[in-house]
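Reader: Please take one part of this model and go through it closely. I would like to know how it packs against its neighbours and where it sits in the chain as a whole.

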Amino acid sequence: MNNQTSVRPWTAFTELPGNVWRSIFRNPIPHSDLGRSATSFTNFFLHVQPVKVHRHSLRLTYTWGLGLISLFLFLILAVTGVLLMFYYVPSTTQAYDRMLDLRGTVAFGIFLRNMHRWSAHAMVAVVFLHMCRVFFTGAYKKPREFNWIIGVGLFLLTMFFSFTGYLLPWDQLAFWAITVGTSIASYAPIVGKDMKFILLGDSSVGQEALLRFYVLHVAVLPILVSLLIAVHFWRVRKDGGISRPPEEDEVFPAANTEPLALAAAASAVAQPVAPKLALKASLEKKLYGIQGIVRGPFTKIGNVPDRSVFSWPNLVLVELLVFLVTVAGVLIVSLYFNAPLEEPVNIMHPPNPAKAPWYFLGLQEMVSYSAFWGGIGIPTLEVIILLLAPYLDRKPGGVGTWFSRERLLANSLFMTFVVVNIILMIIGTFFRGPNWEFVSPW
Amino acid sequence: MANQPTTPNTEESGEAITRRKLLSWLTGMGVFGSVLVSAFSNFIFIKPRATYGQPNRFSVGKPDEYPAGSRMTLDARRICIVRDGDRMEAISTTCTHLGCIVATSETGFACPCHGSHYDQDGNVTGGPAPKRLPWFQVRLAPNGELEVDKDVEIEPGTYFNV
């Protein structure tokens, strides 16, 4: 009927495969600013990122890419972990044999196990370093207090993740590390004994514990951590991007007010009379009315120099670079070093000394003085102080620079905390021999 | 109904509870309560009622198998059976510090993990152990065999007389 819209069948074929491609990628490789911003918000994977990102956020020496590396390690762990699940059986009679099979018969088995183990070690370290970066740059201050709390939660979950993974090979280290670890848990007041029993599913480490740790490791914790990572990233965006020092010409400083109050302040400047009406008008008419919903510094409206660049390609390339470095690092380490595997579990003979993985050795060193204070009391206090830090340290200054002089006290305290824990770890790793007696490594 | 005078709604401004407020409060509490109850029931669910590992009450053979003056450790059961003349006792060999197996030593027991020491009766003589090694109930089962119950801790110094 309508000749204008009818298409001859063969003409439709000539559009292939271009029309398929265009239906997937709504945007061609951009050559204009409009295209660059469209690329960010028409792509599911890129829309997590802002269209434009502040130059300061891209500086390697500010973040050292630690948050990104943590994410990429988590992704490597998820991929290698799922692959390892194809050959693993959480059974006390089979688990250890499966470890040997990974070495002997499974294609790339030993390599995948190496990648998984070393990435796990690296993730604990990098997440901790990321926490140090955030503290020493004062990035946990308003409005980012709650994201710091989520971060502390992610750090603890990372440790627990690693702890549950430790049991799965069912070798001597696995068995005794978990025996010692869950015994520490049982020192917790009131709920300690029940916590240990629920964790192990029995009175001692055995088949039930192996199954429980497996389920936690491959189902419960991955879901929890993924969820928290999502919230963590989302809040980074909503809190105005990665922290940076305030700029003199910034119209509205980042820290102080609620979004609506900001809009009200803006309109009050324009029309001191009838602020309610003015607010309404500003929300309807002005460009920054809609930005009033977003917390944090206003994106520039032309009256200040624009220090931001387009995420595509600037941010994306930086991320790609960090990803490549992370993967390359893990691959190289996994090629040269094999993940340790000790003797199969022997319930009769604990190794002497029975040492936990390095990041728990500080804890184990403290535990050798007092099980309650070293294993429960002091760690709980440390976590509480970490959680409260953004609510106790409320001075707005010193955000966005490393070791700001304004934050000398807070940074010194945190540095003490870090150094003490590292020293305890070193003592536990190198200076403790049989019966946990002091030995010299030389 | 229709002829009732519609009173002006004065409650909204005051502290008084309106029907809407009450209903939303009840709904909120209902939802919140259900979440709490289901979270709590998860803990009941994952706390096993029956365990599949070793039973805590088991037979350790006839009293004659233990000569007078012997100290036999059953590592798999994590106990040490001591016989002193006609008196017998079962001492735990699980270190009270962090659950390693203690080995018998000349002076009693010693833990290889963090260096706790105990004397012959299980009293702490050194190291980080916070408590003595517990003693477990020993009884004679009807079939003439000794039965140890690790769920029942008894006062140290309470012997089973053969």
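Author: Chain A has 18 helices and 2 strands, taken as DSSP runs numbered from the N terminus (helices: H or I, at least four residues; strands: E, at least two). The model is predicted, so local features need pLDDT of at least 70 and side-chain atom pairs count only at pLDDT 80 or more, while totals for chains, interfaces and linings use all residues. Residues are numbered from 1 along each chain as its sequence is written, and chains are lettered from A and ligands numbered from 1 in the order in which they are written.

Of the 442 residues in chain A, 32% are buried, that is, with 20 or more other C-beta atoms within 10 Å, these atoms being placed from the backbone (12 or fewer: exposed; in between: partly exposed). Two residues are in contact if their C-beta atoms lie within 7 Å. Among contacts in chain A between residues at least 6 apart in sequence, 71% join residues at least 24 apart.

The part to look at is helix 7 of chain A, residues 109-136. Leaving aside residues up to four places away in sequence, Leu73(A) touches Ser119(A), Ala122(A), Met123(A), Val126(A) and Thr326(A).

One partner is helix 5 of chain A, residues 66-85, whose axis comes within 8 Å of that of helix 7 of chain A and crosses at roughly 155 degrees. Axes are lines fitted to C-alpha atoms over the stretch in contact, and angles run from 0 to 180 degrees between N-to-C directions. Helix 5 of chain A and helix 7 of chain A are therefore roughly antiparallel, the word for angles over 145 degrees (under 35: roughly parallel; 65 to 115: roughly perpendicular; the rest: oblique). Their crossing is left-handed, meaning that the near helix is turned anticlockwise from the far one by less than a right angle; clockwise is right-handed. The contact of helix 5 of chain A with helix 7 of chain A has 16 nonpolar, 7 polar and 2 charged residues. Here Ala, Val, Leu, Ile, Met, Phe, Trp, Tyr, Cys and Pro count as nonpolar, Asp, Glu, Lys and Arg as charged, and the others, Gly among them, as polar.

Another partner is helix 15 of chain A, residues 311-336, with an axis that comes within 9 Å of that of helix 7 of chain A at a crossing of roughly 120 degrees. Helix 7 of chain A and helix 15 of chain A are therefore oblique to each other, and their crossing is right-handed. Helix 7 of chain A brings Phe111(A), Asn114(A), Met115(A), Trp118(A) and Ser119(A) to this contact, and helix 15 of chain A brings Val330(A), Val333(A) and Ser334(A). By class, these are 5 nonpolar, 3 polar and no charged residues.

The peptide bond from Lys142(A) to Pro143(A) is cis, with omega near 5 degrees.
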